[in-house]
Amino acid sequence: QVRLVESGGGLVQPGGSLRLSCAASGSIFSINTMGWYRQAPGKQRELVASITSGGSTNYLDHVKGRFTISRDNAKNTVDLQMNSLKPEDTAVYYCKADRVMSAGGVRYNNWGRGTQVTVSL
């Protein structure tokens, strides 16, 4: 079974920074795409940033230039560096790992439980 655990959320003032980390475990051989999604109260979950095993990245327009996604393929981890945070970035942030090849086979759409990010004075 593939398990994803996020860390690094918290309360930060506008203009501040946070770094989210996600570690995948479960006898993993490889992970195709890893990403961060977020869901604010009353809104749909949206893709914030994703990164392929080859390092290709994709960002939500509203976070371009402020957030940076990175991953360590050997450690099966993905990080999200968030700078110049705004109140509208407040949400629960979820880690996702797609097309995970493990000892248990290929698993798609693997999600973490989420970590709260609150941007407020």
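A residue counts here as buried when its relative accessible area is under 20%, as exposed when it is over 50%, and as partly exposed in between, with a 1.4 Å probe and protein chains only. The views show a predicted model, in which local features need pLDDT of at least 70 and side-chain atom pairs count only at pLDDT 80 or more, while totals for chains, interfaces and linings use all residues. Residues are numbered from 1 along each chain as its sequence is written, and side-chain values use heavy atoms, with hydrogens and water left out.

**View A. The disulfide between cysteine 22 and cysteine 95.** The structure holds one disulfide, a term that stands for a pair of cysteine sulfur atoms within 2.5 Å. In this bond the sulfur atoms of cysteine 22 and cysteine 95 are 2.1 Å apart. The torsion about the S-S bond is about -80 degrees, and the disulfide is therefore left-handed. It links distant parts of the chain, since cysteine 22 belongs to strand β3 (residues 18-25) and cysteine 95 to strand β9, 73 residues apart. Strands (E, at least two residues) and helices (H or I, at least four) are DSSP runs, numbered from the N terminus. Both cysteine 22 and cysteine 95 are buried.

**View B. A cluster of Tyr37, Tyr94 and Trp111, linked by ring pairs.** Rings of Phe, Tyr and Trp (its six-membered ring) pair if their centres lie within 6.5 Å, and the planes of a pair count as stacked when under 30 degrees apart, as edge-to-face when over 60 and as tilted for the rest. The count by this rule is two aromatic pairs. In the pair of tyrosine 37 and tryptophan 111, the ring centres are 4.9 Å apart and the planes stand at 65 degrees, so the pair is edge-to-face. This pair links distant parts of the chain, with tyrosine 37 in strand β4 (residues 28-39) and tryptophan 111 in strand β11 (residues 110-111), 74 residues apart. Tyrosine 37 has a relative accessible area of 18% and is therefore buried, whereas tryptophan 111, at 34%, counts as partly exposed. For tyrosine 94 and tryptophan 111, the ring centres lie 6.5 Å apart with the planes at 85 degrees, so this pair is edge-to-face as well. Here too distant parts of the chain are linked, tyrosine 94 being in strand β9 (residues 91-102) and tryptophan 111 in strand β11, 17 residues apart. Tyrosine 94 counts as buried because its relative accessibility is 14%.

**View C. Arginine 45 over the ring of tyrosine 94 and over that of tryptophan 111.** A charge sits over a ring if NZ of Lys or CZ of Arg is within 6 Å of the ring centre and within 35 degrees of the ring normal. The charged end of arginine 45 lies 3.7 Å from the ring centre of tyrosine 94, and it is 4.7 Å from the ring centre of tryptophan 111.

**View E. Methionine 34 in strand β4 and leucine 121 in the segment after β12 (115-119).** Methionine 34 has a relative accessible area of 1% and is therefore buried. From C-alpha to C-alpha, methionine 34 is 9.5 Å from asparagine 110, while 76 residues separate the two in sequence. Leucine 121, with a relative accessible area of 88%, is exposed. It is 114 residues from serine 7 in sequence and 22 Å from it in space, again C-alpha to C-alpha.

**View F. The largest pocket, whose lining includes Arg38, His62 and Asp89.** Among the other lining residues are Lys43, Glu46, Arg66, Lys86 and Thr90. The lining divides into two nonpolar, three polar and seven charged residues, where Ala, Val, Leu, Ile, Met, Phe, Trp, Tyr, Cys and Pro count as nonpolar, Asp, Glu, Lys and Arg as charged, and the others, Gly among them, as polar. About 220 Å³ of space lies in this pocket. On a 1 Å grid over the protein atoms alone, a pocket is an open set of points where a 1.4 Å probe fits, with protein on both sides within 12 Å along at least five of seven lines, whereas in a cavity the probe cannot get out; lining residues have an atom within 4 Å of a point. Grid points are joined across faces, edges and corners, and a volume is the space filled by probe spheres set on the points.
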